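Dear colleague,

Please find the structure below, together with its sequence.

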Amino acid sequence: MSHRGVSAGVEARGCGVLRLLAANAGVGGKIGQEGGIGAVLAVMKRHGELVRVQKQGCGALCNLAASSRENRVKIGQEGGVRAVVAAMRKHAESARVQERGCSALWSLACNEDKNRARVGAEGGVGAVIAAMRKHGKSVRVQERGCGALCCFAGAPDNLARIGADGGVDVVTVAMQNHESSME
């Protein structure tokens, strides 16, 4: 995904294709080995103002992180947590960016202590809590947000952040507002 002469639309669609391909663990690992992670991060940085790019980029990082430990480590080392948090902050009004951002942070932190610490240090806990507050009616944001917070809580510093930043309140409200949800 070279930026020379390539439109943001092509780059957004490219991130979308990588998102779909990365859902297959074997392909996700290959994408990581062949520079796909760096390409997604570069596109997200280059087009930070575009919702469609950030939505697809967060989705791609989510699936790439879920596909292999090597990808989770690489995404964390290359600034993936920062990129996702930036997308969530910039596009707070977009439920889809928030949903995919929560999912990406969850995938990055799952079974990866260094990324779990990065999430806390780089504002991921606060970004997830803000997403849950802003999009209280979105079952998907609430489910992904609760899953992410549960994973983040595996780090003692994050546990304290979740409590201090109002995580208990947003989880309780989510449970009350979506008690009959079976999505």
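In which helix is the place of Arg100? Arg100 lies in helix H7; helices here are DSSP runs of H or I with at least four residues, strands are runs of E with at least two, and both are numbered from the N terminus.

Please note that this is a predicted model, in which local features need pLDDT of at least 70 and side-chain atom pairs count only at pLDDT 80 or more, while totals for chains, interfaces and linings use all residues. Residues are numbered from 1 along each chain as its sequence is written, and side-chain values use heavy atoms, with hydrogens and water left out.

Arg100

Arg100 is buried (under 20% relative accessible area; exposed means over 50%, and partly exposed lies in between, with a 1.4 Å probe and protein chains only). Arg100 has no salt bridge, although it is buried. Here a salt bridge is a side-chain nitrogen of Lys or Arg within 4 Å of a carboxyl oxygen of Asp or Glu. The nearest side chain of opposite charge is that of Glu99, 5.2 Å away; Lys and Arg count as positive, Asp and Glu as negative, and His and the chain ends are not counted. With neighbours within four places in sequence set aside, Arg100 is in contact (heavy atoms within 4.5 Å) with Arg19, Lys55, Gln56, Cys58 and Gly59.

Salt bridges

Side chains of opposite charge can pair when their charged atoms come close. The structure holds 9 salt bridges, and the following are among them.

Arg69 and Glu112 are joined by a salt bridge, with 3.2 Å from N to O. This pair links distant parts of the chain, 43 residues apart: Arg69 is in helix H5 (residues 69-77), whereas Glu112 is in the loop between helix H7 (95-109) and helix H8 (113-121). Arg69 is partly exposed, with a relative accessible area of 48%, and Glu112 is buried at 6%.

In the salt bridge of Asp113 with Arg116, the closest N and O atoms are 3.0 Å apart. Both residues belong to helix H8, and because they are 3 residues apart, about one helical turn separates them. Asp113 is exposed at 59% relative accessibility, while Arg116 is buried at 11%.

Lys30 is partly exposed, with 47% relative accessibility, and Glu34 is exposed, with 60%.

The protein as a whole

The protein has 12 helices and 0 strands. Its radius of gyration is 15 Å, close to the 16 Å that the globule rule gives for 183 residues, so the protein is as compact as a globular protein of that length. The radius is taken over C-alpha atoms, and the rule is 2.2 Å times the number of residues to the power 0.38. The C-alpha trace spans about 45 × 30 × 30 Å along the principal axes.

Of the 183 residues, 50% count as buried. Among contacts between residues at least 6 apart in sequence, 69% join residues at least 24 apart.

Yours sincerely
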